[in-house]
Amino acid sequence: MPGRRYRTLSSYFRENFGQPVRKISLDAGFSCPNRDGRTSDAGCIFCEPRSFSPAAGEAPLPVDQQLREGIHAGQSRGVRLFFAYFQAYTNTDAPVARLKSIYDVVRAFPEIIGLSIGTRPDCLDQKKLELISSYAGEYEVWLEVGMQSVHDRTLQRINRGHDAAAFFQAVRLIRQYPGIKVCAHVILGLPGENPEMEKETACAVARLQVEGIKLHPLHVVQGTALAREYAARSYLPLAREEYVERAVRFLERLWPRTVIHRLCADSLADWLLAPAWVREKNSVLQAIQAKMEQEDTWQGKAYQA
């Protein structure tokens with residue numbers, strides 16, 4: 001991890017592809033069972049897709065057009081290799097035939113060298129994984145699976161719509177299909193969670209030896225149940241110093257080979273209510289790095305197999 005106390009995604013891309021790689025975020029028009037009434041019609045208490053994708057909720061552009069525009073934007077900055085990142089909503093929430101027709105669009109773009117598919121653990125099965133694994137011979141394939149916490153009471157509190165066992169079961173199932181890498185999504189500062197609970201989540205992820213993780217602080221955006229709690233002062237977000245401390249303790253417990261895809265939140269400025277410091281992404285990353293250097297700690301220092 002040259003220059004870093006943790007294994008960054010950018011360094012991973014350079015190790016494996018010898019150059020920068022850009023992820024192109026895509027909206028393929030999927031739904032989510034936790035928003036459309038099958039599991040719930042309320043969604044997770046923090047979720048508002050328009051807070052990171054202004055076109056969410058509208059008819060998306062064709063995937064091939066999104067890819068062309070994303071490739072052009074990257075090439076204008078000197079990037080030559082790209083991942084197609086199916087991000088918006090739940091990107092395995094469709095019959096296999098429809099999934100194939102959507103994923104196959106990437107084959108028309110030689111610049112695409114990887115697929116990253118965001119989903120929920122309760123929206124995976126053998127047939128879908130057979131399809132996804134079929135791309136592994138041509139592309140690097142990641143499944144980004146929402147975990148958020150290992151604690152069921154927390155998952156109930158945030159209206160996640162599944163328990164922790166669903167995540168572990170999904171990972172076990174994915175492991176039956178070589179070539180698929182797992183990136184777990186975890187949020188720090190969830191209502192009712194304390195640092196010890198977050199360390200337990202870190203240890204659970206570490207034991208699975210997932211290839212990647214996205215970690216970020218819970219932030220409040222407009223139009224969510226969490227926004228109403230924040231307005232009533234029944235939820236207060238973490239201060240920056242608290243998040244830096246918790247993130248460092250989390251990183252210490254991870255498997256050393258796990259790639260850190262993200263360490264701070266992304267939200268459009270017009271939607272973000274709190275905490276304001278998440279807008280200063282670079283300073284947050286610098287603070288995490290500085291704390292790790294000051295304490296002479298690193299990712300995996302407290303890892304236990």
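This is a predicted model: local features need pLDDT of at least 70, side-chain atom pairs count only at pLDDT 80 or more; totals for chains, interfaces and linings use all residues.

Residues are numbered from 1 along each chain as its sequence is written, and side-chain values use heavy atoms, with hydrogens and water left out.

The chain holds ten helices and nine strands, taken as DSSP runs numbered from the N terminus (helices H or I, at least four residues; strands E, at least two). The C-alpha trace spans about 45 × 45 × 40 Å along its principal axes. For 305 residues a compact globule would have a radius of gyration near 19 Å, and the chain agrees with its 19 Å; the radius is taken over C-alpha atoms, and the globule rule is 2.2 Å times the number of residues to the power 0.38. Of the 305 residues, 55% are buried, where buried means under 20% relative accessible area, exposed over 50% and partly exposed in between (1.4 Å probe, protein chains only). Among contacts with a separation of 6 or more, 83% join residues 24 or more positions apart, a contact being heavy atoms within 4.5 Å.

Nine aromatic pairs are found. Rings of Phe, Tyr and Trp (its six-membered ring) pair if their centres lie within 6.5 Å; planes under 30 degrees apart are stacked, over 60 edge-to-face and the rest tilted. Phe 13 and Phe 83 make a tilted pair, at 5.3 Å centre to centre and 45° between the planes. Phe 13 belongs to helix α1 (residues 9–17) and Phe 83 to strand β2 (residues 81–86), 70 residues apart. Both Phe 13 and Phe 83 are buried. Phe 83 also pairs with Phe 17: the centres are 6.4 Å apart and the planes at 75°, so this pair is edge-to-face. Phe 17 is partly exposed because its relative accessibility is 23%. Ring pairs link Tyr 12, Phe 13, Phe 17, Phe 83 and Trp 142 into a cluster.

Which residues of helix α3 (residues 96–103) are buried? They are Leu 99, Ile 102 and Tyr 103. These residues cover an arc of only 90° around the axis, so they lie on the same side of α3; the arc is that of the directions from the helix axis to the C-beta atoms. Their cover includes α2 (63–75), β2, β3 (112–119) and α4 (126–133).
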